[in-house]
Amino acid sequence: MKRQFVFRFVGVLSLLALTLVLSLSFGATDALSPGAVVDQILTGQGVVYLFRLPRALTAMMVGLCFAISGLLLQSLTRNPLASPDLLGVTAGGGLATVIAILVGGALAGSYITWIAFLGASVVAAIIWVLGRGASAQRFILTGVALSALAHAVITLLLVTYAPSAAEAMIWLKGSLFGRGWVHVKLLLPWVGFVCLGGVAVAYQANPLILGPTVATTLGIRLSVLRPCLWLLSVAGAAAAVAVSGTIGFVGLIVPHVARRLAGPDLRVSIPFSGLLGAFFVLLADTVGRVLSPPLEIPAGLICAFLGAPYFGYLLVKGKTDI
Amino acid sequence: MRAAAGYRPSLVSAAALVLLAGYFTLYGGPPSADPQYSFYQVRLPRFLSAVLIGAALGLAGTLLQLATRNPLSEPELLGVNQSAVFCVVLLLLLGGGSPHPAFMLLAALLGGAVSGLAILLMSASGAFPRERLILAGLTMSFFFGSASSGLLLLNETNLFELLHWTAGKLSGATWLDTVLVGGCLLPAGVVSFLRAGQWNVLLLGDDQARGLGIDPVARRVEIVSLAVLLCAVCVAVAGPIGFVGIIVPHLASFMAGLDYRRRLPLILLMGAALVSVSDVLARTLLHPAEIPVGVLTALVGAPYFLYRAQRL
């Protein structure tokens with residue numbers, strides 16, 4: 001890494017650390033001093049260790065997964081506006097979850113993460129089968145269509161099973177409410193998979209920017225690389241959706257910021273993207289918790305409100321190139 | 001221009017479908033205690049609203065596709081519907097109770113104008129090929145959708161009623177609704193027929209249009225404004241009903257060719273047929289429960305979109 005990247009990396013890292021400290025200190029109860037926070041973590045007792053720390057960790061991992069997933073997806077489709085939210089991956093997870101919550105009721109609670117993961121993977125597989133081939137445009141539009149279809153079915157289910165719809169709607173909004181150590185354990189292997197896999201493909205995937213022909217000429221085996229990219233980005237998004245529900249705009253916005261800070265080289269922008277994603281979701285969750293307790297604003301909503309203006313700025317400025 | 005596959009038969013069959021849906025809406029269903037009342041105050045306005053909304057949505061989709069030069073443009077996918085919904089939900093929550101439909105229309109217009117402006121900017125720069133425009137529009141749609149459902153969640157009191165409305169519904173349509181939609185559709189339709197010749201030229205591209213003395217930018221502003229007006233009134237009356245605006249123009253151009261002078265009547269009729277038939281199905285398929293008509297059109301429209309995407 002060049003020196004400027006190292007400085008920026010340290011900058012992002014300290015921002016993340018600062019947010020983490022704030023997130024652990026503040027909440028619905030009185031603010032804790034840093035000493036008390038450390039004390040509670042070391043003794044493994046109190047509100048910080050039991051609730052705030054696992055929730056903050058979950059938020060960070062969810063953000064990391066979504067952001068890296070978005071970055072890989074944007075490289076795969078060579079389209080800066082692609083994101084797991086729009087291409088049907090999160091919609092698939094949402095559909096499976098809504099079915100589980102509404103049909104299965106209380107029974108579904110403990111399996112919800114696995115059901116969501118399964119749903120997202122199934123839809124991702126369908127998109128791959130229907131949309132693969134030379135044209136990224138077709139791939140994207142296939143994802144868009146399946147996403148719309150899934151949303152239509154979700155709405156149908158919500159309206160037909162209205163009494164229990166609120167629970168499903170909250171899940172769909174994307175919230176980190178009540179996430180604990182169980183979720184941290186669930187996410188950890190996927191975070192590892194996405195990070196390691198991301199770094200591994202990064203060495204191969206850079207030439208994709210230049211188009212399929214040039215990439216092939218440079219010795220990249222597209223038939224292997226493309227499924228790998230899709231697999232990684234789906235794994236990240238599906239794991240994140242399974243734990244937190246659909247937190248949108250992270251996978252869309254964060255890769256842009258990461259590319260601005262780190263340049264187009266995936267080997268640098270993937271770590272940046274992961275850190276920034278973690279920072280973004282953690283910030284959103286903390287703000288949502290602290291703004292007006294005891295009412296919690298879902299992190300997905302805050303992400304949308306933070307991300308949309310930046311997206312508008314990108315569109316207006318025409319800075320939507322990879 | 002593509003040859004027309006069958007102009008007159010398709011006009012006739014669309015009209016027949018509308019009549020059929022009308023028959024089922026007006027005379028079908030269980031007999032009511034007060035036939036006079038249910039016929040004039042419930043069924044007739046509902047049927048007429050469905051017809052007018054369908055025609056308006058078909059026209060709106062056509063207009064957006066023309067303005068963006070993108071065959072996949074559609075009010076729901078470009079975010080026009082959802083931004084209008086957001087403003088209406090805001091009004092409903094701030095105003096409390098049930099405000100006058102005219103105010104809802106104003107709110108929907110305000111919201112629709114936001115995404116209309118964005119669409120104009122994006123189609124003017126020319127840097128937005130098909131899938132990018134759709135993705136940008138979807139992102140707007142996604143944002144406004146999550147913002148309005150966030151508002152709904154934070155204010156749970158009338159969640160169910162609003163939830164039903166945000167799925168697109170025609171139940172409870174009144175004469176006022178019918179008049180509102182008709183009042184917006186009539187001028188929009190008249191302007192469309194008057195401009196149809198110029199729009200044909202716009203299809204050739206901006207340079208050709210300029211060469212023939214037509215200002216493409218001014219025309220585009222006009223077209224998007226009309227589309228926003230139509231979408232806004234439909235949202236204010238019935239909530240977001242998606243995908244009518246993509247199925248109808250495509251079918252119509254398949255049947256009637258690209259000439260707007262021939263295509264417009266067919267678009268209006270086909271839109272009316274699609275929504276009124278969907279409404280009949282929405283009431284009967286899961287009887288006694290009612291499916292929101294917007295869900296039904298999306299269930300038809302999304303596979304069609306998928307099919308179109310495969311053929312690109």
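**View 1. B:Met270 is a buried residue, with 30 other C-beta atoms within 10 Å.** All views show a predicted model. The cut-off for a buried residue is 20 or more such atoms, so B:Met270 qualifies. B:Met270 sits in helix α11 of chain B, which spans residues 260–284. Leaving aside residues up to four places away in sequence, B:Met270 touches B:Ala14, B:Gly58, B:Val248, B:Leu251 and B:Ala252. B:Ala102 is 168 residues from B:Met270 along the chain. The C-alpha atoms of this pair are separated by 27 Å.

**View 2. Helices α3 and α5 of chain B cross at roughly 20 degrees.** Helix α3(B) covers residues 80–95, and α5(B) covers residues 130–154. Their axes come within 8 Å. Angles under 35 degrees count as roughly parallel, so α3(B) is roughly parallel to α5(B). The crossing is left-handed. From α3(B), the contact draws on B:Gln82, B:Ser83, B:Val85, B:Phe86, B:Val89, B:Leu90 and B:Leu93. From α5(B) come B:Met140, B:Ser141, B:Phe144, B:Gly145, B:Ala147, B:Ser148, B:Leu151 and B:Leu152. The contact residues of the two helices comprise 10 nonpolar and 5 polar, with no charged residue. An α-helix has 3.6 residues a turn, so residues three or four places apart point the same way.

**View 3. Helix α7 of chain B is kinked by about 60 degrees.** The helix runs over residues 175–202, and the kink is centred on B:Ala196. Buried residues of α7(B) include B:Asp177, B:Thr178, B:Leu180, B:Val181 and B:Cys184. Also buried are B:Leu185, B:Ala188, B:Ser192, B:Trp199 and B:Leu202.

**View 4. Helices α3 and α11 of chain A pack at an angle of about 75 degrees.** Helix α3(A) spans residues 46–77, and α11(A) spans residues 250–262. Their axes lie 7 Å apart. Angles of 65 to 115 degrees count as roughly perpendicular, and α3(A) and α11(A) are therefore roughly perpendicular to each other. On α3(A), the contact involves A:Gly63, A:Phe66, A:Ala67, A:Ser69, A:Gly70, A:Leu71 and A:Gln74. On α11(A), the contact involves A:Val250, A:Gly251, A:Leu252, A:Val254, A:Pro255 and A:Ala258. By class, this contact has 8 nonpolar, 5 polar and no charged residues.

**View 5. Chain A meets chain B through 40 residues of chain A and 39 residues of chain B.** On the side of chain A that touches chain B, α6 (136–160), α7 (165–173) and α13 (299–317) each supply at least two residues. The largest share, 16 residues, comes from α6(A). This side of chain A has 28 nonpolar, 9 polar and 3 charged residues.

Technical notes:
Residues are numbered from 1 along each chain as its sequence is written. Chains are lettered from A and ligands numbered from 1 in the order in which they are written. This is a predicted model: local features need pLDDT of at least 70, side-chain atom pairs count only at pLDDT 80 or more; totals for chains, interfaces and linings use all residues. Two residues are in contact if their C-beta atoms, placed from the backbone, lie within 7 Å. Helices (H or I, at least four residues) and strands (E, at least two) are DSSP runs, numbered from the N terminus. Ala, Val, Leu, Ile, Met, Phe, Trp, Tyr, Cys and Pro count as nonpolar, Asp, Glu, Lys and Arg as charged, and the others, Gly among them, as polar. A residue is buried if 20 or more other C-beta atoms lie within 10 Å of its own, exposed if 12 or fewer, and partly exposed in between; C-beta atoms are placed from the backbone. Axes are lines fitted to C-alpha atoms, for helices over the stretch in contact, and angles run from 0 to 180 degrees between N-to-C directions. Angles under 35 degrees count as roughly parallel, over 145 as roughly antiparallel, 65 to 115 as roughly perpendicular and the rest as oblique. A crossing is left-handed if the near helix is turned anticlockwise from the far one by less than a right angle, and right-handed if clockwise. The bend at a residue is the angle between axes fitted to the seven residues ending there and the seven starting there.
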